[in-house]
Amino acid sequence: MTAVDPPGGEPFGAPGEKTGWLSKRAHFTLRWRPTWFHLKGGRLLYGESGQSPVKTIPLVGAEVGGSDDPLGWTITPQGAKRCYHLRAASEAEQQSWLRGISDAQIAHARHGTHACVLQ
């Protein structure tokens, strides 16, 4: 029997999935807060805990860029005005998340023109 993630109905640990804590900069206060992230399909789900990743950042066509923070990066979804600021605890963790995000963008692009954009 396989454990199933109720919201999406996909097995935990499916290829291309990644979960863990990152720091996310709050939109208005600009404070960094620990946030649980789940990279699943062409989306980055997030919330206050692993039990409730209720918000979504669409990754297909999103622009992933650098940050002033050496362990940080930004994600701007295609056609969105909002830019998400994320930060990892280590360089290895940062590289692992960026690699996963890039792989998800490529794997879930509807057309060849939506490959990942890293700056």
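## Ring pairs

Rings of Phe, Tyr and Trp (its six-membered ring) pair if their centres lie within 6.5 Å; planes under 30 degrees apart count as stacked, over 60 as edge-to-face and the rest as tilted. This is a predicted model, so to speak of local features takes pLDDT of at least 70, side-chain atom pairs count only at pLDDT 80 or more, and totals for chains, interfaces and linings use all residues. Residues are numbered from 1 along each chain as its sequence is written, and side-chain values use heavy atoms, with hydrogens and water left out.

By the ring rule there are four aromatic pairs. One of them joins Trp21 and Trp36, edge-to-face, at 5.4 Å centre to centre with 75° between the planes. Trp21 sits in strand S1 (residues 18–25) and Trp36 in strand S2, so the pair ties together parts that are 15 residues apart in sequence. Strands here are DSSP runs (E, at least two residues), numbered from the N terminus. Trp36 is buried at 18% relative accessible area, while Trp21 is partly exposed at 43% (buried means under 20%, exposed over 50%, partly exposed in between, with a 1.4 Å probe and protein chains only).

## The cluster

Phe37, Tyr46, Tyr84 and Trp97 make up one aromatic cluster. Within the pair of Tyr46 and Tyr84, the rings are edge-to-face, 6.2 Å centre to centre and 70° between the planes. Tyr46 belongs to strand S3 and Tyr84 to strand S7 (residues 84–87), so this pair ties together parts that are 38 residues apart in sequence. Both tyrosines are buried: Tyr46 has a relative accessible area of 6% and Tyr84 one of 11%.

## Charges over rings

A charge sits over a ring if NZ of Lys or CZ of Arg is within 6 Å of the ring centre and within 35 degrees of the ring normal. Lys18 lies over the face of Trp97, 4.9 Å from the ring centre. Arg87 does likewise over Trp32, at 4.2 Å.

## The pocket

The largest pocket holds about 340 Å³ of space. A pocket is an open set of points on a 1 Å grid over the protein atoms alone, where a 1.4 Å probe fits, with protein on both sides within 12 Å along at least five of seven lines; lining residues have an atom within 4 Å of a point. The volume is the space filled by probe spheres set on the points, which are joined across faces, edges and corners.

Its lining has 13 residues, with Lys24, Arg33, Thr35, Tyr46 and Lys55 nearest the centre. Strands S2 (32–40) and S3 (43–47) are the elements giving two or more residues to that lining, and S2 gives the most, with three.

Methods: Helices (H or I, at least four residues) and strands (E, at least two) are DSSP runs, numbered from the N terminus.
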